[in-house]
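Please read them alongside the sequence and the coordinates.

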Amino acid sequence: MSVFAMASSVAGFVKVRYLMDKAIIDNMVFRFHYRVTSAILFVSCVLVTANNLIGDPIACITDGAVPGHVINTYCWITHTFTLPHQQGKPVGTHVAHPGVGDFVQGEDETRYHSYYQWVPFMLFFQGVLFYIPHWVWKTWEEGKIRMITDGIRGAIVGPKEDRRDRLSRLVQYFIDTLHMHNVYASGYFVCEALNFLNVIANMFMIDAFLGGAFFTYGTDVIKFSQQDQENRTDPMVAVFPRVTKCTFHKFGPSGSIVRLDALCVLALNILNEKIYIFLWFWFILLAFMSGAALVYSLTILLLPSIRETILIRRFRFGTPAGVSALIRKTQVGDFLLLHLIGQNLNMMMFGELLDELSRKLHLGNNIPTAPSTLELSPIYPTDKLRLHKETEA
């Protein structure tokens with residue numbers, strides 16, 4: 001199976017999932033975790049397992065003393081190594097390749113490399129980890145937003161009578177369940193915290209996986225790009241060496257043990273180094289965005305004034321007095337439900353929803369009716385009496 005076919009399969013899965021889940025139940029940063037990051041990790045997993053992209057992941061040279069397929073298999077399933085004290089020396093005069101030179105077994109320090117066996121599994125496992133908070137929230141949410149906004153969701157809405165009926169039922173549902181959504185909101189905030197903890201934990205996991213080299217990997221690469229061509233040492237080669245050594249022991253003609261040193265070309269590391277430098281920058285950016293989103297959610301949780309500002313600026317409706325009255329009548333869970341509903345309705349429908357909601361909650365006429373051709377509900381007797389008195393006056 002070609003790499004393009006496998007990547008297309010992953011892209012097709014993401015696209016189908018997106019089309020099936022039309023209701024928006026989270027924010028953009030949340031979606032960066034389970035849609036963008038998971039897709040990046042799964043595609044990276046596909047790339048490092050595609051043999052037709054780079055050929056054999058390892059190829060070892062033994063001058064014919066051991067069959068090629070034997071030494072390749074042995075060095076792949078065990079480990080290879082480089083020599084830290086040989087890093088940075090001139091290639092071709094002092095060492096054969098960066099980190100590859102003469103050494104005394106048992107005396108010189110060696111750095112073993114066996115992570116390349118686990119890179120695909122690690123990438124796939126991380127992709128699953130970034131999807132888990134979304135799965136938890138989706139399970140907790142139970143399709144509430146999708147069900148209560150069915151028929152009025154999106155920019156295109158249905159027939160007028162149907163819209164009026166569905167919007168009236170949505171307003172009545174909100175009133176009947178007022179102050180009953182705090183547990184619902186707590187699940188969302190917990191999953192947002194899981195997103196932040198997950199990206200931090202993944203960074204520490206990769207750092208341990210690469211032998212403590214991940215946290216400084218990106219900064220080292222940036223410094224390397226700014227150095228002179230003649231005097232610089234590529235940090236990507238130190239973390240992901242392209243040529244390593246491998247020791248193979250076998251019995252000689254007399255029955256004595258013969259040690260064979262092989263040079264192994266790790267073509268797979270050309271991909272690994274690029275994948276992990278991208279992940280370094282992406283995880284740093286994602287950690288900052290997730291931290292900011294978590295702080296934003298905490299301010300919503302603790303400060304009613306922030307919730308009021310969000311309704312005024314995000315949805316651009318009503319007067320400050322009307323918004324303040326609506327915030328005083330609702331709790332955090334009610335606000336989150338209202339916020340998610342607003343993300344799924346167009347501005348006109350959401351304005352009409354808030355106008356009807358404020359009227360039924362007896363907030364007065366502080367929030368003006370949004371422009372609409374809909375007649376949401378019949379005028380109540382008290383409203384008729386008020387209108388009659390205003391006409392006579």
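1. Helices (H or I, at least four residues) and strands (E, at least two) are DSSP runs, numbered from the N terminus. On that basis the protein chain has 16 helices and five strands, and L301 is found in helix α11, which covers residues 268–302.

2. This is a predicted model, in which local features need pLDDT of at least 70 and side-chain atom pairs count only at pLDDT 80 or more, while totals for chains, interfaces and linings use all residues. Residues are numbered from 1 along each chain as its sequence is written, and side-chain values use heavy atoms, with hydrogens and water left out.

3. Of the 393 residues of the protein chain, 46% count as buried, where buried means under 20% relative accessible area, exposed over 50%, and partly exposed in between (1.4 Å probe, protein chains only).

4. The largest nonpolar core has 43 residues, of which L123, L210, F214, Y217, Y276, L279 and F283 touch the most other members. To this core α11 gives the most, with 10 residues. A second, separate core of 38 residues includes L178, C191, L337 and F350. Such a core is a set of buried Ala, Val, Leu, Ile, Met, Phe, Trp, Tyr and Cys residues joined through side-chain atoms within 4.5 Å.

5. Leaving aside residues up to four places away in sequence, F283 touches T37, Q126, F130, V199, N202, M203, I206 and F214, contact meaning heavy atoms within 4.5 Å.

6. Returning to L301, this residue counts as partly exposed because its relative accessibility is 38%.
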